[in-house]
Each structure stands twice: as structure tokens, then as C-alpha cells.
Amino acid sequence: MSEQKQHILTEKEYQKIVKDKEPKRPVVRNCIRAFLVGGFICMLGQAISDIYIYFFNFTEKSAGNPTSATLIFISVLLTSLGIYDHIAQWAGAGTAIPVTGFANSMASAALEHRTEGYVLGVGSNMFKLAGSVIVFGVFSAFIIALIRTLVSMIGGA
Amino acid sequence: MEIYFWAFVVGGLICVIGQLLLDLGRFTPAHTVTILVVAGAILSGLELYQPLIDFAGAGASVPITSFGNALVQGALSEAKQSGLVGIVTGIFEVTSAGISSAIVFAFMASLLFRPKG
Amino acid sequence: MKAGKQTWIFDNRPTILATAVVGGPREARGPLAEDFDLLHDDLLFGEKSFEKAERKLLEEACELAIRKADLKQEDIEFMLAGDLSNQIISSTFTSRGLAIPYLGLFGACSTSMEALALGALIVDTKFGNNVLCGTASHYAAVEKQYRYPTEYGSQKPDTAQWTVTGAGAAVLGQAGQGPQVVSATIGKVIDMGLKDPFNMGAAMAPAAVDTISAHCQDLDITPDHYDLIATGDLGRYGHALTLELFPKYHIDMPREKYVDCGMMIYYEHQPMLFAGASGTACSATVTYGHILNRMRKGELKRVLIVATGALLSPMSYQQKESIPCIAHAVAIEYSE
């Protein structure tokens with residue numbers, strides 16, 4: 001970047017101007033929206049879980065799986081209908097953090113890459129955005145479980 | 001019915017943490033979700049996540065943090081039975097429903113729908 | 001003839017014989033809809049993918065421009081085109097269909113003026129006649145390649161921009177009636193170390209100012225020489241930043257003559273407007289449609305179009321590189 005020195009202003013000076021002029025992100029407004037939508041989705045999850053417990057004979061422990069699957073289904077459907085991204089622009093983390101975000105990342109990638117075929121397009125790209133969640137989730141779980149198990153082994157012995 | 005209130009509050013708060021990571025931390029959505037999954041795994045390792053689920057129900061089990069918890073719990077319970085190798089064999093035990101249904105439904109979506117732009 | 005460091009003066013004044021402008025649904029709902037030759041109501045217009053749709057836009061604009069110039073495909077001697085797709089396939093496949101000797105260009109969103117400048121150079125030096133200059137962009141194809149799948153629920157910040165779905169093409173000739181290309185300034189790549197791909201206006205602003213400054217210095221004129229100076233797609237925030245930078249470059253920019261194509265093509269109330277429009281088609285459609293129409297009506301005599309481009313790739317961003325930018329300026333005059 002040494003050529004930049006002959007400029008009228010340095011990179012740092014310009015970056016400061018940019019920072020000062022940049023529209024401030026409406027953090028409070030975004031957090032309120034995220035809180036409301038995220039909370040609502042979790043409440044919906046609770047309701048779905050209760051439906052499975054009371055009407056379909058699941059237990060509190062086992063209802064978690066069909067509840068996830070149901071929320072994922074709803075997410076994928078809204079993504080496919082082209083509605084999810086509009087809700088998400090408003091809700092931000094409120095839709096991204098619940099499992100709905102995970103489902104949307106996979107469905108949107110699958111839909112988008114259909115034009116490249118099902119194997120190389122849909123198949124290869126489906127985890128484009130969700131992959132890091134799985135990789136890092138698994139890797140950190142591995143390390144944590146390893147530490148816990150070794151500690152209890154050493155502790156026990 | 002009290003659990004509905006706490007589901008709303010706790011779920012909402014976890015999302016607020018995510019929003020702060022996005023807006024203040026300037027992380028990408030992928031980075032944000034990854035951070036929260038790892039956080040969930042850490043809390044799980046410290047035996048703090050299940051109490052949160054008992055308290056807030058879906059408020060703790062619906063956010064992506066619970067994925068980290070499920071992975072750790074799966075690994076630990078299998079490790080209890082089969083020793084160290086159980087860590088690797090047990091990781092996906094509990095989370096199978098989430099990943100399988102996401103793959104199945106996303107693939108079906110690609111068969112039936114097109115992106116709208 | 002060369003003027004100063006980086007400017008060409010076209011003594012023979014190549015004429016823009018005809019232009020054609022094509023747009024998509026969002027452009028159809030914008031304030032400049034009347035200046036489009038063809039508008040589509042959806043993002044695919046019968047094609048099987050967004051990428052193929054982008055190609056169709058360019059094909060339509062090119063064919064229409066040739067027809068409006070009262071020429072046939074065989075009469076066009078050279079074609080200069082570029083777009084935002086990987087390996088500029090939309091331009092390449094369009095030229096395949098037209099079978100015209102082809103020069104593919106990549107200047108990101110500055111491609112329109114890069115093509116016009118080079119096309120004018122060919123015509124002015126009599127190295128060719130009837131040169132076609134075109135570019136296209138497509139909102140969904142660009143999102144898919146540079147950012148996220150279109151249905152992905154990410155929250156775009158206010159500094160983000162919306163890529164224009166459209167295409168603009170111009171035919172340049174040695175003789176004829178029409179607006180004339182009188183000079184062009186080739187920009188340098190400017191990188192001020194900015195890294196946010198959701199705020200390209202800020203990254204491109206210094207390049208725009210640098211090129212305008214070079215243009216004025218090389219020709220020994222001030223911005224007041226023009227009736228209108230339009231940047232390509234700086235958007236609201238990039239535009240405001242250039243106003244901060246002009247005094248530092250000792251440029252006196254008359255506010256009422258200084259506009260940005262990205263701020264003109266959509267209404268303020270259109271949803272998801274963010275900072276404004278972007279895309280190779282942004283400067284192309286606004287210039288070849290609206291601005292040239294105003295010139296043809298006699299409302300403007302001398303304009304300077306400064307198309308700006310952010311030369312990043314998804315990979316460069318992931319590898320933590322900053323965003324290098326460029327701006328090419330072309331001066332167009334029209335007198336009855």
C-alpha cells in the first residue's frame with residue numbers, strides 16, 4: 001500500500017471519515033425486534049412441544065425431536081414461498097438464532113443451486129451456510145466431551 | 001403456563017445476544033450462529049444447559065445453542081457407556097432429528113420450488 | 001489525443017448512434033421507467049436460471065440498440081461488453097450469439113464507461129466503425145454469486161445496495177446524428193483499506209473523486225464546465241462521502257449538478273432500498289436511457305458520467321483483503 005502515501009489523505013484518515021459518516025446501526029430497535037420474534041418462535045416451539053406431548057403421547061424429553069422437525073418444516077416452507085427473507089430482514093437474529101435460521105440457510109442454498117443440477121448444485125451446496133455450525137458444533141463438542149471424560153476418568157482413578 | 005413466559009423471555013434474550021453480535025460485533029450471520037453453538041456446547045460441558053431447558057423449556061431448546069448442548073450430551077452419555085470412543089460415536093445421537101429433517105425438507109423444497117429473488 | 005496523465009480527447013467526436021435500455025420489475029416501478037425501451041415483470045422472463053436471464057437482458061439491449069441505429073448485426077465491427085458474472089459469461093454468451101469480434105471487460109460496476117471509453121477510442125482512431133458497447137446485471141444472479149442465496153434470511157444494513165436487473169447498450173459510429181463522446185478519463189485502482197462488502201459506496205467514493213480530479217486537471221477545467229456530473233452507483237452514503245472529499249482535493253463541485261445514478265433509479269419509498277442501486281446496469285441504464293434522453297431533448301448539453309466499480313471477489317473478502325475500487329469517466333456532449 002506504499003503507493004497510497006502520495007494520496008491527498010491517508011487510508012486511516014479516510015476510514016475515520018467513513019466511520020463518522022456511517023449511518024449508525026439501529027441497535028436498540030434491532031434488539032427489540034429480535035427479542036420479540038425470537039421469543040415468539042420459542043413460544044411457538046413450546047406450544048408445538050406441548051401438542052406432541054398431550055396429543056401424540058410423547059414425553060417431555062422425546063418431544064424435542066418432532067418439535068425441531070416441525071419448526072424446520074415451517075421454516076423451509078416459508079423460505080420456499082419467498083416469505084422468510086422478508087421476515088428475517090425485519091427480525092434479524094430473531095429468526096436467525098432459533099433452529100429456523102439453520103433450516104432457512106439450508107433450504108435457501110438448496111433452492112438457489114437447483115439450476116446447477118441436483119448432485120453438484122443442490123447436493124454440494126446445501127450446507128454452504130450451515131456447514132460451519134455443524135463443523136464447529138461437532139468439534140467443540142468433541143473437545144468438551146473429551147475434557148470432561150478425561151477429567152472424570154482421572155478423578156475416578 | 002409459566003413456562004411459556006420464560007420460553008419467550010429466555011429465547012428472546014438469546015436472540016438479543018445474537019443481534020448484538022451482528023450489530024456491535026459486526027460478525028456475519030454464519031460467525032454469529034457458530035459462536036452461539038460453541039457457547040451452547042461450553043455451557044453444556046459445565047452442566048448448565050439442562051437446567052436452563054428445565055427452566056425455560058423451548059426458550060432454551062429452540063435456539064441454535066441447544067444444538068451445541070445436544071452434541072455434547074450425546075457424546076458424554078455414549079462415553080459413559082463405551083469410554084473415550086463413545087465421544088465420537090455418540091455425538092450425533094441426539095441431534096439426528098434436526099439435521100435429518102433439515103436435509104430432507106430442504107431437498108424436497110428444491111424439487112418443488114424455485115427461488116423468488 | 002492524450003491529455004494530461006490519464007485522459008483521452010476524442011478529436012473526431014464519435015457519435016452515439018443509438019442506445020437501448022432494458023430493465024426488470026423493480027426498475028419498472030421506479031421513476032425512470034419511461035426511459036426504458038423494454039421492461040420485464042419478473043426476474044426470469046422465461047429463462048431457466050437467473051444467470052441465463054442476465055444474458056437475455058444483454059442480448060435484448062444489444063439487438064435493440066443495433067436496430068435503433070438502423071444497422072444490422074453484420075454492420076457492427078466490434079463489441080465491448082462486461083458484467084458481474086464469473087468469467088463474464090453473460091457478455092461472452094451474448095457475443096457468441098451476435099458473432100461480432102468481441103472484447104470482454106471486467107470493471108465491476110464501472111464497466112459501462114470502461115466499454116464506452118474504449119469503444120470511443122476505436123471509433124475516434126478509425127480503427128473501427130459501428131462499435132457496440134454494452135453491459136448487464138441481474139439482482140438475483142449477483143446476490144447468489146457475491147453474497148447469499150436470494151431466499152437467505154440475512155439482515156442487510158442500511159449501507160447495502162440493490163443490484164439493478166437490467167442492461168444498457170450503445171452503438172458508436174464515426175458519423176451520424178446524436179450525442180458525441182468527447183473525452184474519457186481512465187481511472188486508477190484506488191484502495192483505502194475498507195473491507196465491508198455491505199458498504200461499497202464508501203469504498204468507491206475515493207476512486208470517483210480521484211478520477212474526477214484527474215479529469216479536471218488533465219483537461220484544465222472545473223466541474224462547472226458540465227451541466228451534469230453523474231457517478232455510477234455510490235449510493236446515498238458514498239455520494240455524501242464524495243462531498244466530504246471534494247474540498248480536500250480542491251474540487252469545487254456544484255451540488256445541484258452532481259448526482260448519482262444509484263440514487264436516481266428507484267423511488268425512496270420502494271422497499272429494501274437501503275443506500276440505493278448498484279450493478280453494472282445501474283450507470284448503463286440511467287446514462288443510456290434517462291440522461292441521454294434529456295440530452296436529446298436539449299435539456300443537457302455537456303455531461304460527465306463517472307462509473308464506479310468495486311473490484312472485490314467473494315474469495316478476496318474471505319481472505320480478509322480490502323476492497324480496491326476504480327472509476328472511469330466519459331464526457332458526452334450534444335448540440336443540435
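Trainee: Which residue just after helix 4 of chain C takes a positive phi?

Mentor: Lys126(C) does, with a phi of about 60°. Keep in mind throughout that this is a predicted model.

Trainee: How many residues of helix 4 of chain C are buried?

Mentor: The helix is mostly covered, with 13 of its 14 residues buried.

Trainee: Now confidence. What does the model score overall?

Mentor: The ipTM is 0.94 and the pTM is 0.93. Then go chain by chain. Chain C has a mean pLDDT of 96, and 100% of its residues reach 70 or more. For chain B the mean is 94, again with 100% of residues at 70 or more. For chain A the mean is 92, and 95% of the residues reach 70 or more.

Trainee: Where in chain A is the pLDDT below 50?

Mentor: Over residues 1-5 of chain A, a stretch that has two contacts in the model beyond near neighbours in sequence.

Trainee: And where in chain B is confidence lowest, and where highest?

Mentor: Helix 6 of chain B, residues 85-90, has the lowest mean, 91. Helix 2 of chain B, residues 29-45, has the highest, 97.

Trainee: How do I read the fold of chain A? How many helices and strands are there?

Mentor: Count the elements, then look at their order. Chain A has eight helices and zero strands, so its pattern along the sequence is simply α-α-α-α-α-α-α-α. For overall dimensions, the C-alpha trace of chain A spans about 75 × 55 × 40 Å along its principal axes. The radius of gyration of chain A is 23 Å, whereas a compact globule of 157 residues would have one near 15 Å.

Trainee: What share of chain A is buried?

Mentor: Of its 157 residues, 45% count as buried. Of the contacts in chain A with a separation of 6 or more, 53% come from residues 24 or more positions apart.

Trainee: What are the corresponding values for chain B?

Mentor: Chain B has 117 residues, and 57% of them are buried. There are seven helices and zero strands in chain B. Its C-alpha atoms fill a box of roughly 50 × 35 × 35 Å along the principal axes. Contacts in chain B between residues at least 6 apart in sequence join residues at least 24 apart in 59% of cases.

Trainee: Next, interfaces. How many residues of chain A and of chain B take part in their contact?

Mentor: Each chain gives 58 residues. On the chain A side, the elements giving two or more residues are helix 2 (27-55), helix 3 (64-80), helix 5 (93-96), helix 6 (99-112) and helix 8 (131-156) of chain A. Helix 2 of chain A has the largest share, 14 residues. By type, the chain A side divides into 35 nonpolar, 19 polar and four charged residues.

Trainee: How many residues are in contact between chain C and chain A?

Mentor: There, 25 residues of chain C meet 29 residues of chain A. Helix 6 (200-219) and helix 7 (235-248) of chain C each supply at least two residues on the chain C side. Helix 7 of chain C gives the most, five residues. The chain C side divides into eleven nonpolar, seven polar and seven charged residues.

Trainee: Take one residue. Is Val62(B) buried or exposed, and why?

Mentor: Count the C-beta atoms around its own. The cut-off for a buried residue is 20 or more other C-beta atoms within 10 Å. Val62(B) has 32 within that distance, so Val62(B) is buried. Val62(B) lies in the loop between helix 4 (58-61) and helix 5 (65-82) of chain B.

Trainee: Which residues does Val62(B) touch?

Mentor: Leaving out residues up to four places away in sequence, Val62(B) touches Ile41(A), Cys42(A), Gly45(A), Leu71(A), Pro98(A), Val99(A) and Gly11(B). The C-alpha atoms of Val62(B) and Ala7(B) are separated by 9.2 Å, although the two residues are 55 apart along the chain.

Trainee: Last, cores. Which residues have the most contacts inside the largest nonpolar core?

Mentor: Ala61(C), Ala65(C) and Leu132(C), in a core of 112 residues. Helix 6 of chain C contributes the largest share of this core, ten residues. A second, separate core of 79 residues includes Leu44(A), Ile72(A), Met106(A) and Ala109(A).

Conventions
Residues are numbered from 1 along each chain as its sequence is written. Chains are lettered from A and ligands numbered from 1 in the order in which they are written. This is a predicted model: local features need pLDDT of at least 70, side-chain atom pairs count only at pLDDT 80 or more; totals for chains, interfaces and linings use all residues. Helices (H or I, at least four residues) and strands (E, at least two) are DSSP runs, numbered from the N terminus. The radius of gyration is taken over C-alpha atoms; the globule rule is 2.2 Å times the number of residues to the power 0.38. A residue is buried if 20 or more other C-beta atoms lie within 10 Å of its own, exposed if 12 or fewer, and partly exposed in between; C-beta atoms are placed from the backbone. Two residues are in contact if their C-beta atoms, placed from the backbone, lie within 7 Å. Ala, Val, Leu, Ile, Met, Phe, Trp, Tyr, Cys and Pro count as nonpolar, Asp, Glu, Lys and Arg as charged, and the others, Gly among them, as polar. pLDDT is the predictor's confidence in each residue, from 0 to 100. A nonpolar core is a set of buried Ala, Val, Leu, Ile, Met, Phe, Trp, Tyr and Cys residues joined through C-beta atoms within 7 Å.
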